[in-house]
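This briefing sets out the strand pairings, ring contacts, surface features and backbone details of one protein structure. Please consult the sequence and the structure shown below while reading.

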Amino acid sequence: LVLDGNPLPVDFTWSFNGVGLLTSSEITFGIDFIEFSSLSSSNAGNYSVTATNTAGSGSGEFSLVVFYAPVYTVNASFTAVEGNMYRIDLVLDGNPLPVDFTWSFNGVGLLTSSEI
């Protein structure tokens, strides 16, 4: 963001997804910057800043996209009856979503994305 005004702004407010931001140990900001001590997927979203001087106010906004490693969420253990069909669904999150994967059973590879 580039800040300009005459006189220079004397007040500013930052927002994240429409909610006002407060300085914390994870996020600090000033009139013309925002800094993340350790960026995470929860920081992805829309940011805006409004600056005010005696002549009025102006604002700027941007979207932040955060890339992060794939994470599967699944129940840790299952019980099934022998001979029955059984399906286990996993929830996958990541940005960008992965395009390569490998299934394994007891440490032995079963199937990779290139084999589908």
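**Briefing on the predicted model**

A search of the whole structure finds 1 salt bridge, that is, a side-chain nitrogen of Lys or Arg within 4 Å of a carboxyl oxygen of Asp or Glu. The structure is a predicted model, in which local features need pLDDT of at least 70 and side-chain atom pairs count only at pLDDT 80 or more, while totals for chains, interfaces and linings use all residues. Residues are numbered from 1 along each chain as its sequence is written, and side-chain values use heavy atoms, with hydrogens and water left out.

**Salt bridge and surface patch**

- The salt bridge is formed by the side chains of Asp89 and Arg87, at 2.6 Å from N to O.
- Asp89 and Arg87 are both exposed; exposed means over 50% relative accessible area, buried means under 20%, and partly exposed lies in between (1.4 Å probe, protein chains only).
- A nonpolar surface patch is made up of Val74, Phe78, Tyr86 and Ile88, which together have about 350 Å² of accessible area.
- Patches consist of residues with over 30% relative accessible area and no salt bridge, like charges being joined within 9 Å and nonpolar side chains (Val, Leu, Ile, Met, Phe, Trp, Tyr) within 5 Å. Accessible areas come from the Shrake-Rupley method with a 1.4 Å probe, and for residues only the protein chains shown count as cover.
- Tyr86 is located in the loop between strand S7 (68-73) and strand S8 (91-95). Tyr86 counts as partly exposed because its relative accessible area is 42%.

**Strands and sheet**

- Strands (E, at least two residues) and helices (H or I, at least four) are DSSP runs, numbered from the N terminus. Two strands pair if DSSP finds at least two bridges between them.
- An open sheet contains 4 strands in the order S2-S1-S5-S6, with antiparallel pairing. Its edge strands are S2 and strand S6 (56-64), each of which pairs on one side only.
- Within this sheet, S1 and S5 pair in the antiparallel sense over 6 bridges. Ser15 stands opposite Ser48 in S5.
- Strand S3 (residues 27-30) runs antiparallel to S4, and 4 bridges join the two. A hairpin connects S3 to S4 through 2 residues, and Gly30 stands opposite Phe33 in S4.

**Aromatic pairs**

- The whole structure contains 7 aromatic pairs. Rings of Phe, Tyr and Trp (its six-membered ring) pair if their centres lie within 6.5 Å; planes under 30 degrees apart count as stacked, over 60 as edge-to-face and the rest as tilted.
- One of these pairs is the tilted pair of Trp14 and Phe29, with 6.1 Å centre to centre and 45° between the planes. Trp14 lies in strand S1 and Phe29 in strand S3, so the pair ties together parts that are 15 residues apart in sequence.
- Trp14 counts as buried because its relative accessibility is 2%. Phe29 is likewise classed as buried, at 17% relative accessibility.
- Tyr47 and Phe62 form a stacked pair, with 5.3 Å centre to centre and 10° between the planes. This pair links distant parts of the chain, Tyr47 in strand S5 and Phe62 in strand S6, 15 residues apart.
- Tyr47 is buried, with a relative accessible area of 2%, whereas Phe62 is partly exposed, at 27%.
- Ring pairs join Phe12, Trp14, Phe16, Phe29, Phe36, Tyr47 and Phe62 into a cluster.

**A buried loop residue**

- Asn43 sits in the loop between strand S4 (33-36) and strand S5 (45-53). Asn43 counts as buried because its relative accessibility is 11%.
- Leaving aside residues up to four places away in sequence, Asn43 touches Phe16, Ile27, Phe36, Ser38, Leu64 and Val66; contact means heavy atoms within 4.5 Å.

**Backbone geometry**

- Most residues other than glycine have a negative phi, and most peptide bonds are trans.
- Asn17 has a positive phi, near 50°. Asn17 lies in the loop between strand S1 (11-16) and strand S2 (19-20), and is partly exposed at 45% relative accessibility.
- Asn106, which is not a glycine, has a positive phi of about 50°. Asn106 belongs to the loop between S9 and strand S10 (108-112), and is exposed at 69% relative accessibility.
- Asn95 and Pro96 are joined by a cis peptide bond, with omega about 0°. Pro96 lies in the loop between S8 and strand S9 (102-105).
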